[in-house]
Amino acid sequence: YLLVQSGVRAHMVWITYDWGVMEPVTYFVFLSTLIGGLYFFLMAGEEFTYNALEERRFKISLRRLYLNRKFNWKRWNELHQQVVMLKTIIGDKLPDELKDKI
């Protein structure tokens, strides 16, 4: 994001417009990015990076999908705990070469 923003800003400063026009625009674009990043950090508790933003967006979409489809969280948690328990039980009794495949 910052690379694209800097490239567009450089093009507008040195080719399209003059620095006198672009200085306030650059200031407000930088300030809005800074405020947006701070807001994201305060709300999500994560750094303002592309991966964190993408992961947060994915979690929001997944939650919305679960709510629309009336996903049964309690049943899923029970099944997941059973799977983990069975993996530990079976994993202790398997040979080492088969443990990696579980």
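Where is Lys70 found in this chain? Lys70 sits in the loop between α3 (50-68) and α4 (73-93), and I'll come back to that residue in a moment.

Good morning, everyone. Before the tour, some housekeeping: this is a predicted model, where local features need pLDDT of at least 70, side-chain atom pairs count only at pLDDT 80 or more, and totals for chains, interfaces and linings use all residues. Residues are numbered from 1 along each chain as its sequence is written, and side-chain values use heavy atoms, with hydrogens and water left out.

Let's start with the overall layout. The protein chain has 5 helices and 0 strands, and along the sequence the pattern reads α-α-α-α-α.

How much of the chain is buried? Of its 102 residues, 9% count as buried. On that scale, buried means under 20% relative accessible area, exposed means over 50%, and partly exposed is in between, with a 1.4 Å probe and protein chains only. The chain exposes about 9,200 Å², and carbon and sulfur atoms supply 64% of that area. Accessible areas come from the Shrake-Rupley method with a 1.4 Å probe, and for residues only the protein chains shown count as cover.

Helix α1 (residues 2-16) packs with helix α2 (residues 19-44) at an angle of about 165 degrees, and their axes are 10 Å apart. The axes are lines fitted to C-alpha atoms, for helices over the stretch in contact, and angles run from 0 to 180 degrees between N-to-C directions. So α1 and α2 are roughly antiparallel to each other; the cut-offs are under 35 degrees for roughly parallel, over 145 for roughly antiparallel, 65 to 115 for roughly perpendicular, and oblique for the rest.

Moving along, Glu47 lies in the loop between α2 and α3. Glu47 counts as exposed because its relative accessibility is 59%. The C-alpha atoms of Glu47 and Gly37 are separated by 7.8 Å, and the two residues are 10 apart along the chain.

How many salt bridges are there? The count comes to 2, where a salt bridge is a side-chain nitrogen of Lys or Arg within 4 Å of a carboxyl oxygen of Asp or Glu. One joins the side chains of Glu55 and Lys59, at 3.2 Å from N to O. Glu55 and Lys59 are 4 residues apart in helix α3, so about one helical turn separates them. Glu55 is partly exposed at 39% relative accessibility, and Lys59 is partly exposed at 47%.

Another salt bridge joins the side chains of Arg75 and Glu78, at 3.5 Å from N to O. Both residues lie in helix α4, 3 residues apart, about one turn of the helix. Arg75 is partly exposed, with a relative accessible area of 41%, and Glu78 is partly exposed at 41% relative accessibility.

Staying with helix α4, we find Met85 there, partly exposed at 45% relative accessibility. Met85, Leu86, Ile89 and Ile90 form a nonpolar surface patch, with about 360 Å² of accessible area together. Patches are made of residues with over 30% relative accessible area and no salt bridge, joining like charges within 9 Å and nonpolar side chains (Val, Leu, Ile, Met, Phe, Trp, Tyr) within 5 Å.

And back to Lys70, as promised. Its phi is near 55 degrees, a positive value in a residue other than glycine. Is Lys70 buried or exposed? Lys70 counts as exposed, because its relative accessibility is 72%.

Methods:
Helix = DSSP H or I, 4+ residues; strand = E, 2+ residues; numbered from the N terminus.
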